[in-house]
Amino acid sequence: MNKRELLYGTGALTLLAGGAALFGGRAMTSAQAAAEGSFEITRSEDEWRTILTSAQFSVLREEATERPFTSPLNNEKRAGTFHCAGCDLAVYPSDTKYDSGTGWPSFWEALPNAVGTKPDNSLFMRRTECHCRRCGGHFGHIFDDGPPPTGKRHCINGLALSFKPSQA
Ligand SMILES: [Zn+2]
C-alpha cells in the first residue's frame, strides 16, 4: 500500500468519513513554524524523514489526516500515557481518552503544557488545530463537542502518537 492510499483512501471512504476532515490546513504548516525557530525541538525536513515513517511524516509535518478507523490506538484502553511520535513528549493521559465514535483517538484534555493550538480556516471551516508544543508536530484538531468536564474533543491522528502503558 503506498502512502497516498494509506492516508487518503478511496473517494467512497472519503465520503463515508464525512470528507472534510481528510486534508489538513496549509496556511502555516508545523514545519514552517519550526523553521522559524518557535519550537524547542526543530529538525530539518530530511531529519524528520529519517526519524518518521512516511505516513507519520505526512501527518506530523504536513498536517495530513489519517483515514478514520485505521489507528490501532482507537482501541487502546490500557492505563498509560500517549506520547508525541515526533519527539516523545508525554501529551495525553489515558484517563482523558474516550470513544467519540469518530474513528480517531479522542481525548477531553491534554496534559499541562503539552499541546499548542492555532486557528485553521482551511476547508471552509473554522477549526482549532492542535500540535505538540515541543516539536510542533501536527496532532489533529480540538472541537467543542466533547464530554464533561471540559466539553472539548481533541481529535487526534493515531499516527502522531505512541502509547506507553503504565508500569504494573
Ligand atoms: Zn513533539
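Two strands pair if DSSP finds at least two bridges between them. The exercises below concern a predicted model.

**Exercise 1. Determine in what order the strands of the open sheet stand, and which strands form its edges.**

*Solution.* 
Step 1. The open sheet consists of three strands, and their order is β2-β1-β9. The pairing within it is antiparallel.
Step 2. The strands β2 (90-93) and β9 (161-165) each have a single partner strand, so one side of each lacks a neighbour in the sheet. These two strands therefore stand at the edges.
Step 3. From one strand to the next, the twist averages 35 degrees.
Step 4. Strand β1 (residues 80-84) is joined to β9 by five bridges. Within this pairing, Cys 84 has Leu 161 of β9 as its bridge partner.

**Exercise 2. Identify the protein donors of the zinc ion and explain why their arrangement is called tetrahedral.**

*Solution.* 
Step 1. The SG atoms of Cys 84, Cys 87, Cys 132 and Cys 135 are the protein donors, at 2.3 to 2.4 Å from the zinc ion.
Step 2. Four donors count as tetrahedral if all angles lie between 85 and 135 degrees. Here the four donor atoms subtend angles of 102 to 115 degrees, and the arrangement is therefore tetrahedral. For comparison, the ideal angle for four tetrahedral donors is 109.5 degrees.
Step 3. Along the chain, the donors follow the spacing C-x2-C-x44-C-x2-C. Distant parts of the chain are linked by the pair Cys 87, in the loop between β1 and β2, and Cys 132, in strand β6, which are 45 residues apart.
Step 4. Cys 87 and Cys 132 are both buried.

**Exercise 3. Describe the largest nonpolar core and state which elements supply it.**

*Solution.* 
Step 1. The largest nonpolar core has 25 residues, and Tyr 92, Phe 139 and Leu 161 have the most contacts inside it.
Step 2. At least two residues of this core come from each of α5 (54-62), β1, β2, β6 (127-132), β7 (138-143) and β9. The largest share, three residues, is that of α5.
Step 3. Leaving aside neighbours within four places in sequence, the contacts of Phe 139 include Leu 60, Cys 84, Tyr 92, Cys 132 and Ala 160.

**Exercise 4. State how many helices and strands the protein has, and what percentage of its residues count as buried.**

*Solution.* 
Step 1. There are five helices and nine strands. From the N terminus on, the elements run α-α-α-α-α-β-β-β-β-β-β-β-β-β.
Step 2. Of the 168 residues, 48% count as buried.
Step 3. Among contacts with a separation of 6 or more, 60% are made by residues 24 or more positions apart.

Definitions and conventions: Residues are numbered from 1 along each chain as its sequence is written. This is a predicted model: local features need pLDDT of at least 70, side-chain atom pairs count only at pLDDT 80 or more; totals for chains, interfaces and linings use all residues. Side-chain values use heavy atoms; hydrogens and water are left out. Helices (H or I, at least four residues) and strands (E, at least two) are DSSP runs, numbered from the N terminus. Axes are lines fitted to C-alpha atoms, for helices over the stretch in contact, and angles run from 0 to 180 degrees between N-to-C directions. A nonpolar core is a set of buried Ala, Val, Leu, Ile, Met, Phe, Trp, Tyr and Cys residues joined through side-chain atoms within 4.5 Å. Buried means under 20% relative accessible area, exposed over 50%, partly exposed in between (1.4 Å probe, protein chains only). Contact means heavy atoms within 4.5 Å. Donors are N, O and S atoms within 2.8 Å of the metal (3.2 Å for Na, K and Ca); water is not among the atoms, so sites may look incomplete. Four donors count as tetrahedral if all angles lie between 85 and 135 degrees; four count as square planar and six as octahedral if opposite donors are over 155 degrees apart and all others between 65 and 115; anything else is irregular.
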